[in-house]
Every structure is written in structure tokens, then in C-alpha cells.
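Okay, thanks everyone, let me put my structure up on the screen.

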Amino acid sequence: MAIDENPAQPTDLARELAALTARVYAIERQLAGMHPAPSSLQEREYVAPPPKPEPSQPVPVPSFTQPPKPQVSLENRIGSQIFSRIGIIALLIGATLFLKYAMDNHWIGPLGRVIAGLVAGTAIVVWSERFRRKGFPAFSYSLKAVGSGALYLSLWAAFQLYHLMPAGVALALMVLVTAWNAFMAWSQSSEILAAYALAGGFATPLLLSTGSNHEVFLFTYILAIDIAAVALVRLKSWPRLLLGAFPATVAFFIGWYMQFNTAEELAVTSAFVALFFLTFIVPSLRGGDAELHGSSVITEVLLPLANAVFGSLAFYSLLEDSGHHALLPWMAVAFGAIYLGLMRLPAARVTAAMHLSLAIVFLTIAIPLKASGRWITIGWLAEGVALLWISARLAVPAVEAAPAAETTSVAAHRVLRLLSIATLALGWVSVIAQPSSPYYVVETAFLNRRFATSLFGVAAFALSAWIALRASRSSDEATPRWRGIAGGCIIAFNLVAVLACVREIYVDFGRSYGNVDAALQRSLAISAFLLVYGAALLAVGFWKRSAFIRWQALVLLIFTIGKTFVYDVRDLGFSYHIISFLALGAVLMAISFAYQKDWLALRDSKPHSTAEPTAGADQ
């Protein structure tokens, strides 16, 4: 296309723009004459607004969202992770078979085999660094695991098979390998390397075992591994390492205890148990950098519970087997005092609540452990109530959404809720099964240890129901729901109360064994109690406007009616027939009249969206 270079065009354009500008000025002067003089602020030079962008060219809006992380497919995970782990196992098995084959065929001498294994393991570890620097950390860690395994196997063969070095030298070299892996894990911030180091550290005593009793040597080594694991957890916030360190420590102790424990070693063994117990308390405590590393259910809930169980059962077994049964209550008092003292140290809310709960439990069961087994029942009930109260205190209000920082706390209080339900269930079963226990000797009805334990159970379930009802008004409705817990506690309360009173009535009338009249009186007394209790429960249901409680009363009354008509009247005299039917009819007519009059306007009641919890409103 030709370009027109006529020089007259710019001159004409300038002339037209000047004319247009003069016309605009003339119009402005005319408008100024029609309106008052502008103020100083209005005399500013007119600046045209910037032109709006064309619809076809939208203004780009910068995005501040981070790009989503790439999703790892199942195929990629199988190929990059699972195959690498299988490869580690296969290479270790192959190296072991090669050593055995070389030994059987006398290709190289024992010293040459050990040196070859050590050189190969070291070379693999060094070679793995090349892949890490090139951006393949997972494969590099897998090679490190293979190299470390070759080093452990070579040292084990040098000590166990060929007897080329004493146990002390082999132990020192294995500890050196473990320490090197731990240092690499810390410097490279690799939790998987720390897990490999932990596995190698706990495998060392098994590889060097001679079947002899070396308690001090073994437990000192295990304690050193535990301290290193706890240090990594504190420095790097790798709580999952405790899932390997703590169970391995418990397994080593149980294995040694079943084979070598004697009463003469009580002091030494008790010292090591105390050191293990104190070591695993440290991860639950918080330092100044607690907010940087966050929190975990492992360190705040699971480890404190497991550590308390391990420490108490270990000391219980040591004292019981050594004949110091009288010291068991003082042991429980000592544990309670320790957990009360731990509450003064900085810790997460959940951990502090766990310490308080454990202190309550140990102080509860400290009362004569030797006397009877009812204190175990009381301990379960007290622990269940304590855990439920702590869970209610830690619950997140329903009107507030739990922020990301409180995720661990939310999970922790739900775990506590489940633990409290399980503990209360154990206590309920123990209370119900009291007659079959040899510890309960009933001498006087209503004035015996069995009834006192039942009363404690009634109080525990009543308090638990109250805690759950209060928590349901302002806390979350996550599973298990507070209303469900409250309903279960109310049912347990009624069952324990009814069964406890029925047992005592049976005992009171049970002295005249073989007397038909006494048996009839006992049966009628039980029916009368059930009738009165059902009526009272129904009255409470009317008072609290709780259909849940009224239904329990109706079920109990229906059972009493069936018992009266089917069982009680079969051998009753004429006078007892009259009394039974008159009393039953009067109570039932009164209940029917209350329903027909509808004094509480139950027929017009409508479900409310903000109704009270189960025990406090019609449902």
C-alpha cells in the first residue's frame, strides 16, 4: 500500500484543532455568564478523565492465589515410592544372600567379605548424594537406606558370624552409622532419613544379641536412642518418629522383663523405667518455639496416655513380682503428684488437660489397691468423667468455625470424647457385673460396699450427663454428638440405679430361703419399687418436658405391668391379688389422667429449631 506523504495534511489538521478549541472556549464563557462566579476550588484547570477501556480489551486483574500443588497420581506414587521401598528390601535380601553364597563357596575370606560390604555400603551412601543434588531426593534417601543396611549387615557378620571384632567395637561402629544417619536427617530436614536411622538404631541390639543378660548396656543404649529421637522431634517437629521409638522401647523392655527380670535387679530396673518415662514426657511439653512447630495429636494425647500406661504397669509389675505389694498405693500417689506437677510446666491446653485427668485417675485408684477390685471400677468411672469434662472444656463453639491453627485441638478433644465414652462403658460394665465379683461380700442391704460403688456409678453418670448437656448448648456437633452422649449417660444412670436397688431388695428378702411367702413378698417389693421409680421418672419427664425421659419411664412401667400380671400373681394369695391390682391400677389411672388432661400442652408442642438437649426438651 502506498503511503501518502502530502505535507499539507498536518497543517490542515492543526488548523481544525485550533478552531475546535476556540469554539469550546466560547461555549465555556457563555456558560460562565449564565451561573455565579466559580470559587477558587472551581477555577482549577479542567482535566479530562482517562478514557474507559474498550470492551474488547478488558483490564487484566493480577492474581494473588498460589498455583495449586500438582496432584500425585497413583501410578506416580507406586513407581516413585512403593517400588523404591520394595527395591530396598530386595537389595538387602540380595546382599544377604550374596554374603551367604560367598561364604559357602569360599570365594573370599571372612575379612574380605566384611571389608567389601563396608566399602559397598559407604559407596552407596556417598553416591546417593549425587541424586539428591540433581533433584531426586526420594531416590537418594532410598539409596541411603540400602547403604546403611549394607553397613549394618557387614558389622553384624563381622561380630556374629566371623568373630572378627568384639561386641564393643561393633556397637561403636553401628552407633556411628546411626549417628551419621541422624545427622544427615537433621541437616537435610528429611524425616524419612530420621526414620531409617531410628530403625537401624533399634535393630542394632537385635543384630548383636548373644542371648545373655546385659541390662545396663541394653537399656543405656535404648535410652540414648530415645533421647536422640525426642531431640529430633523437638528440633524438627517430627512427632511420627515417636510412633516408632516408643513402641520399640516398650517391646524391648517387655522382652527383657519376661526373660531376665529378677527381684535383685529391682532398683536398677526401676531407675531405667523412670528414665524412659521422663524421656517421653518431654515431647508433650512446650518450649518458646511451640508456635513455630505447631502441635500434634501424637504428642498431646496419644503419647501422654501411652506413657502413663507403660510407666504405671511397669512399676506395678516390678513391685508385685518383687513382693512389695504394700508400695503399690504409694506408687499411684507418686504418679498423681508427678502429673499435678507437670500442670505447672508450659504445655498445650490438651496436654495440660490430659495431665489433670491422669492425676485424678492415679489419685483415685491410689486408695488401697490391695483391698478389693472395686477401686478399679471407681477409677474407670472417675477417669471417664474427667476425660469428658476436659473434652467439653476444649470443645470448639458451634458458632465459631475452627481455624486451621486449631485443627489439632479439635481432633484432640474428639479423641478425648471417644476415650471418655470407652472408659465410662468399662465402668458401667464393671458396676453391672458386681454380683459375679468375689470382691463384693454383701452383709447388710443398702449398707455395703457394693451399693456404695453403685451409688458412685449413679453420681458419675449423672455428672457426665450434666457435662454433656451443657456442652451441647454451645459446642460443635461432631461425631460422637454431645446429645447422644447425654442420652447414653441418662440411660446408664437409670439402669445402674434400678439394678442397684433391685439387688438390695433381693438381699433384704433373701434371708428366708425356701419360704414361699418371703419369695412372694420379695417379688412384690421389687414390682412396687419399679412402679414407684417409673412414676417418679415420668414425673421428671413431665417437669423437664423431655420425651426422652418419659419414654424410659413408659418402658419401665410396661415391664412392671408385664411382670405383675405374668409372674407376680401366679402364686399370690387372694389378698395379695387385691393389693397388687389396686396399686397398679391407681398408678396407671393417674398417669393416664395426666396424659388426657394434657397439663403440659404436649399435644400442641411443636419441635423447635433451637430446642434444648435431649434430656431437657421434647423431641
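So, L327: buried or exposed, or something in between? Its relative accessible area is 40%, so L327 counts as partly exposed. Keep in mind that this is a predicted model. L327 is in the loop that runs between α11, residues 297–321, and α12. It also belongs to a nonpolar patch on the surface, along with W330, V333, L340, M343 and L363. Together those residues have about 540 Å² of accessible area. Which helix gives the most to that patch? That's α12, residues 328–342, with three residues.

Okay, on to the aromatics. There are 17 aromatic pairs in the structure. Take F219 and W256: the ring centres are 5.3 Å apart and the planes sit at 65°, and since anything over 60 degrees counts as edge-to-face, that's what we call this pair. F219 is in helix α7, residues 215–236, and W256 is in helix α8, residues 242–260, so to speak a link between distant parts of the chain, 37 residues apart. How accessible are these two? F219 has a relative accessible area of 1%, so it's buried, and W256 is buried as well, at 3%.

Then there's F253 with F310. Here the centres are 5.7 Å apart and the planes are at 90°, so again we have an edge-to-face pair. F253 comes from helix α8 and F310 from helix α11, so this pair ties together parts that are 57 residues apart in sequence. Both F253 and F310 are buried.

The charged end of R522 sits over the ring of Y506, 4.1 Å from the ring centre. With K544, the charged end sits over the ring of W543, and there the distance to the centre is 4.3 Å.

Last stop, S464. You'll find S464 in helix α16, residues 449–474. Its relative accessibility is 0%, so S464 counts as buried. What does S464 touch, leaving aside its neighbours within four places in sequence? The contacts of S464 are V385, L388, L424 and C489.

That's my tour, happy to go back to any of it.

Key. Residues numbered from 1 in each chain as written. Predicted model: local features only at pLDDT ≥ 70, side-chain atom pairs only at ≥ 80, totals over all residues. Heavy atoms only, no water. Patch = residues over 30% accessible without salt bridge, like charges linked within 9 Å, V, L, I, M, F, W, Y side chains within 5 Å. Areas by Shrake-Rupley, 256 points an atom, 1.4 Å probe, with all protein chains shown as cover. Salt bridge = Lys/Arg side-chain N within 4 Å of Asp/Glu carboxyl O. Helix = DSSP H or I, 4+ residues; strand = E, 2+ residues; numbered from the N terminus. Buried < 20%, exposed > 50% of the residue type's maximum accessible area, 1.4 Å probe, protein only. Phe/Tyr/Trp six-rings, centres within 6.5 Å; stacked < 30°, edge-to-face > 60°. Lys NZ or Arg CZ within 6 Å of the ring centre and 35° of its normal. Contact = heavy atoms within 4.5 Å.
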